[in-house]
Amino acid sequence: MSSPRVPFLALAVALAGCAGSSRAAHDRALPPPATQSRAGTRDPGAGPAPGSPRKAQARLAPPAREAAARRAVAAAEALVGRREIVASGVRWGDGCAALVRAAFAEAGAPLPAAATDAPALLAVARQRGAVRRSRPAPGDLAFLADRPGGPAEHVGLVASVAPDGTALVLHHTERGVVRIHVNAAQPWKARTDGGKALNDVVLVGGGRVTAGRLLVGWATLL
């Protein structure tokens, strides 16, 4: 079943809301966020609730990884359209790293507590030798730049991968969690209404760029 489409103008601001975010368009907003619980910790950049494990787990065996990936994706999908990241009564903040950290915690594989933004998460992935440009898998992290060839400023979660290699990435923006299509093999090809779901076009630095041109790399941390 195909995912609900996100309006183009919403995709045009898909990379806004993280560190180093770009100019936002204001023509059309995402649907209002669903009612959210504000229970749990209130500190900005919050992590697991007191007493929860904070040590990152080692890479899982394939069956366990696939199960954890499904849980992480389900947790992130449940937040589509929401601005504030709240999961299991814990407020994680409102940055793009908050989305993936919450999703991994819900999957039972919490990320390091100190890795609270995209550059820090990328550093963790590089330390583990987990960064690559090859085909991603559901549950992987997608690191994106603010400009082609730039450093990672954004991070999202791969929800699914099409046969042509196009990844559907869940990413948090200033207007909520959205879905972005990213194809690293054909980074210049934009998605069209009647064509394949290759790259969505996002607004960065005042110009429109295909999402594949902004990919820094994929990383498997489960």
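Guide: Buried denotes a residue under 20% relative accessible area, exposed one over 50%, and partly exposed one in between, with a 1.4 Å probe and protein chains only. The model is predicted, so that local features need pLDDT of at least 70 and side-chain atom pairs count only at pLDDT 80 or more, while totals for chains, interfaces and linings use all residues. Residues are numbered from 1 along each chain as its sequence is written, and side-chain values use heavy atoms, with hydrogens and water left out.

Visitor: Which residues of α3 are buried?

Guide: Helices here are DSSP runs of H or I with at least four residues, strands are runs of E with at least two, and both are numbered from the N terminus. Nine of the 11 residues of α3 are buried, so the helix is largely enclosed by the rest of the structure. Those residues are C96, A97, A98, L99, V100, R101, A102, A103 and F104.

Visitor: What angle does the direction of α3 make with that of β5?

Guide: Helix α3 (residues 96-106) packs on the sheet and touches β4 (141-145), β5, β6 and β7, a contact being heavy atoms within 4.5 Å. Axes are lines fitted to C-alpha atoms, for helices over the stretch in contact, and angles run from 0 to 180 degrees between N-to-C directions. Helix α2 (residues 62-77), lying across β5 (152-161), β6 (167-173) and β7, runs at about 110° to β5. For α3, the angle with β5 is about 45°.

Visitor: Which strands are the edge strands of the sheet?

Guide: Two strands pair if DSSP finds at least two bridges between them. The open sheet has six strands with antiparallel pairing, in the order β3-β10-β4-β5-β6-β7. The strands that pair on one side only are β3 (131-132) and β7 (176-182).

Visitor: Which residue in β10 is the bridge partner of V131?

Guide: Strand β3 is joined by two bridges to β10 (residues 215-219), and the two run antiparallel. Within β10, the partner of V131 is A219.

Visitor: What is the mean pLDDT of the chain, and where is pLDDT below 50?

Guide: The pLDDT is the predictor's confidence in each residue, from 0 to 100. Its mean over the chain is 79, with 72% of the residues reaching 70 or more. It stays under 50 over residues 1-10, for which the model has 16 contacts beyond four places in sequence, and it is also below 50 over residues 19-57.

Visitor: What percentage of the chain is made up of buried residues?

Guide: The chain has four helices and 10 strands, and it exposes about 9900 Å² by the Shrake-Rupley method with a 1.4 Å probe. Of its 222 residues, the buried ones make up 50%.
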